[in-house]
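Please look at the sequence and the structure below, and then follow this short report on some of the local features.

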Amino acid sequence: MLYIKNAHILTPVRSILDGALLIDGEKIVALGPLEQVACPVEAAVLDAHGLILTPGWVELQINGGFGLDFTADPSTIWTVAAGLPQYGVTAFLPTVITSPLENIARAQQTVLNRPHDFVGATPLGLHVEGPFLNPQKKGAHNPTYLRPPDLEAIREWTPAQGVRLVTLAPELPDALQVIRALVARGVVVSAGHTAATYEQAIAGLDAGIRYGTHLFNAQPALHHRDPGLIGALLTDRRPVVGMIVDGIHIHPAVVDMAWRLLGERLSLVTDAMEAMGMPTGRYRLGDFEVTVDATSARLADGTLAGSILTLDAALRNLMRFTGCTFQDALKTVTLTPARLLGLDDRRGQLAPGCVADMVLLDGSYRVVKTIIGGRIVYENG
């Protein structure tokens, strides 16, 4: 048992000053003001005075990190997972970009076979970004492997077989029937790398799309007479919308505008590639060489190729760009992505019965400790 006391707890819907929380095994069993949560004599005690306690953070789009790329080598997923808790990430969707179908199958097998005694962030299943993308908006995806949507290609794509989220272009031929088939199996479908009109975007939402991949990026620009996918994602109440808030992919003023429209429908993602956590230099994203400077990752032609953003930095950027509170920003990496995925273990919140994934931060919103399944897996310093 682990008893945490004197923390400022953000559940994130409640704020409890001088709170306490009791963990038994991998679950939270009690939570509340300090005077209401007793400490069993057998529990280890963690005094969190001066620290903020939040649910563990859920990352929906990350391509790699620490010099490793999931698409190039799916076996690296577990190595990257071990390093993510330093950024507050306790669960994530390893993202495999456009590549041969057999490579996606290898990645599925990787996430289904947890290494013995693994310690780190939990892969919840793959985010398969491609190959059903519009060549006009391919970004850093290899056009050689792009293909039209078809039911046979997705035959083994289910959450039980390691696929949790799929990004596709809803305007492509047969995309709507693929969307319906994936949704029927419990896979979340996202619109991205697309040239969809507003009407095509709404048709995709009607078919079951419930997410938008990296808003504003690899999509036609918003136009007042031709709102396109961006207009649909901003105004339709059904989808959660992912956004890369590094100050490079989207101007801070546009981040502020999107935040005001999306609110609790916003999901912060990093779209980080293998250079995350590494020095500047040359790296890879899938099949392409990427040049990384102090702030961005780009192909030789200047196209943005993922990011080097970390999720804790994204949260701080959102607060800085919009003036929102940390409690409001926190939902974008906890409750919102967890609810989108429909997880049955109640991740993304702190309450009795929830899985004991949580993050302790200092007053500058820097990660101090990360707890996964009731176990401290990262401590700063």
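## Aromatic pairs

In this predicted model, the count of aromatic pairs comes to five. One of them joins Phe 66 and Tyr 87, whose ring centres are 6.2 Å apart and whose planes meet at 5°, so the pair is stacked. Because Phe 66 lies in the loop between β7 and β8, and Tyr 87 in the loop between α1 and β9, the pair ties together parts that are 21 residues apart in sequence. Phe 66 is partly exposed, with a relative accessible area of 23%, whereas Tyr 87, at 13%, counts as buried.

Another pair is formed by Phe 70 and Phe 92, with ring centres 6.5 Å apart and planes at 35°, so this pair is tilted. Phe 70 sits in the loop between β8 and α1 and Phe 92 in strand β9, so that the pair links distant parts of the chain, 22 residues apart. Phe 70 has 0% relative accessibility and counts as buried, and Phe 92, at 0%, is buried too.

## Helix α2

Helix α2, residues 101-112, has twelve residues and spans 17 Å from its first C-alpha to its last, which is close to the expected 16 Å. Its buried residues are Asn 103, Ile 104, Ala 107, Gln 108, Thr 110 and Val 111. They lie on the same side of α2, because they cover an arc of only 160° around the axis. Among the elements that cover them are α1, β9 and β12.

## A sheet of three strands

An open sheet has the order β17-β18-β19, with antiparallel pairing. Since β17 and β19 stand at the edges, each with a single partner strand, one side of each is left without a neighbour in the sheet. Two bridges join β18 to β19, and Val 292 has Ala 297 in β19 as its bridge partner.

Terms used: Residues numbered from 1 in each chain as written. Predicted model: local features only at pLDDT ≥ 70, side-chain atom pairs only at ≥ 80, totals over all residues. Heavy atoms only, no water. Pairing = 2+ DSSP bridges. Helix = DSSP H or I, 4+ residues; strand = E, 2+ residues; numbered from the N terminus. Expected span 1.5 Å × (residues − 1). Buried < 20%, exposed > 50% of the residue type's maximum accessible area, 1.4 Å probe, protein only. Arc of directions from axis to C-beta. Contact = heavy atoms within 4.5 Å. Phe/Tyr/Trp six-rings, centres within 6.5 Å; stacked < 30°, edge-to-face > 60°.
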